[in-house]
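Look at the model, then read on.

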Amino acid sequence: MASRSTSSLCTTALLLLVVSWAASAFARNFYQDFDITWGDGRAQILNSGDLLTLSLDKASGSGFQSKNEYLFGKIDMQLKLVPGNSAGTVTAYYLSSNGSTWDEIDFEFLGNLSGDPYILHTNVFSQGKGNREQQFYLWFDPTADFHTYSILWNPQRIIFSVDGTPIREFKNAESIGVPFPKAQPMRIFSSLWNADDWATRGGLVKTDWTQAPFTASYRNFNADNACVSSSGSSSCTSSSSSSDGNAWLSEELDSTSQERLKWVQSNYMIYNYCTDAKRFPQGVPPECTMS
């Protein structure tokens, strides 16, 4: 009886070992997905590829970019932002194409004095034109732990989310003459840099270099639901549909998500270009009139 029990335990242990090995073999890691592009050693991939850190000191910041280019996708990254007195620093996490008429989808985190909230700055560029800023406070301390920042980008809309809660939707408004990012593949970029000429209170608060190095951390990147673009071809076919596991390609906000979006925008939005009449005396941009 004892030998049979021991044999059963050994079999179970072996199965768990195989499952663990398989999970680690197929898990995404930063070595596979990203290249460190600048910073002279200030960016590091740690914990066997599970963690990436960016650092900033008075001499330089640092950054990385994805190996792949994407043309539409549902992309998640967990970030833990620079703690303490982060005034003057910017942690940027965004998608961007190349060229003078580039497309771009931005998360930027503007640091602040200890105890004052970060500002989450979002923007969308299409064919080189941006000026579509919306800014938010967050409903938690983004330096205390990791939180998930997501971009859903499909042919109909772009949705920015934080921990699964939508904070912004930018709809395709080509029908009224507004270009939409849909033809240029984009890479994922992130950087930590000094922007104390504008980042905190319009540049009034400068970076306190006695607090350096400043460090932001990244983990749990997920682009399983994304179309990888390579040499003009896509990993998603033109006939991709929800039955192929690509429901995100036509995903939109349901009624619950719309309510959560309204909650964020009512309570945490601090700037919206669509309501800035002084900035647009001739009238706000046309996409602002869409419901």
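Cys-288 is buried (under 20% relative accessible area; exposed is over 50%, partly exposed in between, with a 1.4 Å probe and protein chains only), because its relative accessibility is 18%. A disulfide, here a pair of cysteine sulfur atoms within 2.5 Å, joins Cys-288 to Cys-274. The pair links distant parts of the chain: both Cys-274 and Cys-288 lie in the segment after β16 (269–272), 14 residues apart. Strands are DSSP runs (E, at least two residues), numbered from the N terminus.

This is a predicted model: local features need pLDDT of at least 70, side-chain atom pairs count only at pLDDT 80 or more, and totals for chains, interfaces and linings use all residues. Residues are numbered from 1 along each chain as its sequence is written, and side-chain values use heavy atoms, without hydrogens and water.

The structure holds 2 disulfides. Their pattern is 1-2, 3-4, with bonded cysteines counted along the chain.

| Disulfide | S to S | Angle about the S-S bond |
|---|---|---|
| Cys-227 and Cys-236 | 2.1 Å | -95°, left-handed |
| Cys-274 and Cys-288 | 1.9 Å | -75°, left-handed |

Cys-227 is buried, at 2% relative accessibility. Cys-236 is buried too, at 14%.

Now the backbone. Most residues other than glycine have a negative phi, and most peptide bonds are trans. Asn-220 has a positive phi, near 55°. Asn-220 lies in strand β14 and is partly exposed, at 48% relative accessibility. Ser-231 also has a positive phi, near 50°. Ser-231 sits in the loop between β14 and β15 (233–234) and is exposed, at 82%. A cis peptide bond joins Ala-212 and Pro-213, with omega about 5°.

Note on methods:
Helix = DSSP H or I, 4+ residues; strand = E, 2+ residues; numbered from the N terminus.
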